[in-house]
Structures are given as structure tokens and as C-alpha cells.
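The sequence and structure come first.

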Amino acid sequence: TDPLIRQALVDGVRERMGYPLAQGLPELREAIADWTRRRFDVVLDPDRQVIPTLGSKEAIFSLAQVVVDLDGGKDTIAYTEPGYPVYERGALFAHARPLALPLLEENGFLPELDALDVDTWSRLAAVWVNYPNNPTGAITPLSFYERLAERAREHGFVLASDEAYSELWFDEPPTSALQLDDLTNVAVFNTLSKRSSMTGYRSGFVAGDSELIAALKAFRPTVGTAPQEFVQRASVVAWGDETHVERTRELYRRKRSLFLEFFARKGVRVAGSEATMYLWLAIPRGETSESSEAFSERLLERGVLVTPGSYLGAAGEGYVRLALVPSEDDCRRAIEILEGVL
Ligand SMILES: Cc1ncc(COP(=O)(O)O)c(C=O)c1O
């Protein structure tokens, strides 16, 4: 983590530290609103449209507790698969019906909205989408958010957009659901974990529809998930600086180029993978078609760890996810090993 951010954390530790408030420090909400203005050209009201979170995982998990209404017929949480497992777990812990929407390469890894029937639309409490996407690395045009937000208003569900990887891009900065003209029923989740390499600090935010933010302000004090004030003060510095983020992107860009060049040479197809720290590899089709698990095991035996696509959802079969997290030297070593395997 950048030294300026670490110093802000240290400076934030006072002799007495009371309980932090769930609504967060005004300075942090303003820093987040400033960031969304600079990054997406979106003006948010920091008092009514932003709330800090303890990283984004806890907020993602607990959204279902806030929006599911079993008696009122809002009993379904939809999410895309392959994907981050927490959307489904949050739904299950709220006794909601989880509904997986497959992400297929032929659809640009966007869910097929027309595949849902009217009954399903009316039962939805929330639809989770995640772009740039983990694991496929796919990005989305704003028009997809527009279509989904229109349905969210029509059928009364929350469009929950997990944008954890919005800053790990290589060509064009990705879109955000915050760029929609109408943020009714829209909640965007972001985090400093990937952007600022601050996984251990636990700092993120939810922004969007002011009614939903008010509901979170009412719910969250009970759960005790307000970030520590010294973490919030470090977060003010992190959201306010782009230099360290550019350095992070540059590091991923270099590692990504090494692998892209190698896979192109080997004729291994890289699907999606426009952004994020992941590469989504189509398993080379030999005479027999190998499962993603068997392919991953074969690589693991040589010391290269990838995630079988099927572990991340049924539609992930046929692919593996490679995470560009090891050092550049280790990435080069992995390529040497893969030379002999692929
Ligand atoms: C898609 C996605 N969303 C959210 C998160 C949660 O990140 P954090 O809780 O560190 O903010 C992750 C972490 O890996 C992720 O992959």
C-alpha cells in the first residue's frame, strides 16, 4: 500500500477512539463523491447517496437482508455465474431464492435479460451484476445498465452493481452504473481493495439511490460494520490520489502483456479479459475435451495454480481463471513451466 495512505492511517490513531458511526466521516463521504465526479463525471450528494463500508464483501453479503421481503413476494436474488460466490450466499442466508444467470461468451458475458419471465421479474428483490467481471474480465456498455435499470424501476427491484474492479483497466476506463441518468433502485458497490491494494484495511462504499442508502444507514448500526475511523482517514487519502492507482495498473499491464503474448504464440484463446487482474482462458480442445478441473490439476502438478471455471459456476466449464497476482518474476517462471505443458 502506498506510503501516503499508510501514514494517514497512522496519523488517524488517536489516544481515544470512540465507536465509529455507520454513516461514516463526512470527509470520507465527500472524498468518495469527489472521486465519482472526477472518475465518472457523476455528482452525488455525499450526505444522502454515499455510505462507507467495511470492504465491500460484508455489504454485498448483507444487501439481501435489507431488500428481501418474503411476505411481500420479493423473494428472489439473481446474480451472474460464473462469479463471486457471496451474492448467492447472501441470498441463502436471507432465506431468499437464489437465481443464477449464466454468462456466456457468445453474449459478450452479459446475462440474457429476455430469458426471464414476468413472474420471475416480479419476484426479484435484487439483481447482482459485476463489471468489470470476475472471473471473465468482461466489461459492459452503459446501455446494458440502462436496460436493467429500466426493468428495476418497472418491477421494483434493486440493480446491485459490484464494481470492485472498475480501476483495473488497460484500454478504456470502464463504465459505472452511477453514470445512469436515473439512480432510482440503483446501488453501486466499490472498494479500495483492488484499486489501492488495500485488502487488509477493509474499506469500500455503497452509492446510489438515496432511499436505499437511508435503509442501509438504518440497518448497519445493528450489524456493527462501520469502518474504523483511522481506516476512514487513510481511505480519504486513497480515494483522493490517482498516482498510486496508475502504478498498480502499470504493474498488472506488464504481467498481462507477458501472458497475452505467450498465449497468442501458443494459440490459447483468451476470452473476455478486457479488464480486472484475471485472464479467462478457454481450455485448448485436444482430441478429448478435458474438464476445467482436470486441466487445472494438470497445471497444478507442475506448480501453476489456476481456478477451474466450473468452481465459479456451471457456465464456467471450459475455461480456467488465471490471476495476475504473483510477482513479475514468478509470472515469467509460470510461463516457462507452461511452455512445456501447453
Ligand atoms: C467480484 C468481487 N466483488 C467484491 C469483492 C470483495 O472485495 P472486498 O471485500 O475486499 O472489498 C471481491 C474480492 O475478491 C470480488 O472478487
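## Helices α3 and α8

The model shown here is predicted. Helix α3 (residues 57-67) and helix α8 (residues 210-223) have axes that come within 11 Å and cross at roughly 100°. Angles of 65 to 115 degrees count as roughly perpendicular, so α3 and α8 are roughly perpendicular to each other.

On the α3 side, the contact is made by Glu-58, Ala-59, Ser-62, Gln-65, Val-66 and Val-67. Helix α8 contributes Leu-212, Ala-215, Leu-216, Phe-219 and Arg-220. By type, the residues of this contact between α3 and α8 are seven nonpolar, two polar and two charged.

## Helices α1 and α9

Helix α1 (residues 3-11) packs with helix α9 (residues 229-240) at an angle of about 150°, and their axes are 7 Å apart. Angles over 145 degrees count as roughly antiparallel, so this description applies to α1 and α9. Their crossing is right-handed.

Leu-4, Ile-5, Ala-8 and Leu-9 of α1 meet Phe-230, Val-231, Arg-233, Ala-234, Val-237 and Ala-238 of α9. Nine residues of this contact are nonpolar, none is polar and one is charged.

How many cavities of 30 Å³ or more does a search of the whole structure find? The search finds one. The largest cavity has a volume of about 30 Å³.

The lining of the largest cavity is made up of Phe-263, Val-268, Leu-281, Phe-295, Leu-299, Leu-338 and Leu-342. These lining residues divide into seven nonpolar, no polar and no charged.

Terms used. Residues numbered from 1 in each chain as written. Predicted model: local features only at pLDDT ≥ 70, side-chain atom pairs only at ≥ 80, totals over all residues. Heavy atoms only, no water. Axes fitted to C-alpha atoms, helices over the stretch in contact; angles between N-to-C directions. Helix = DSSP H or I, 4+ residues; strand = E, 2+ residues; numbered from the N terminus. Parallel < 35°, antiparallel > 145°, perpendicular 65-115°, else oblique. Left-handed = near helix turned anticlockwise from the far one by under 90°. Contact = heavy atoms within 4.5 Å. Nonpolar A, V, L, I, M, F, W, Y, C, P; charged D, E, K, R; others polar. 1 Å grid on protein atoms, 1.4 Å probe; cavity = no way out; pocket = protein on both sides within 12 Å on 5 of 7 lines; lining within 4 Å. Points joined across faces, edges and corners; volume = space filled by probe spheres on them.
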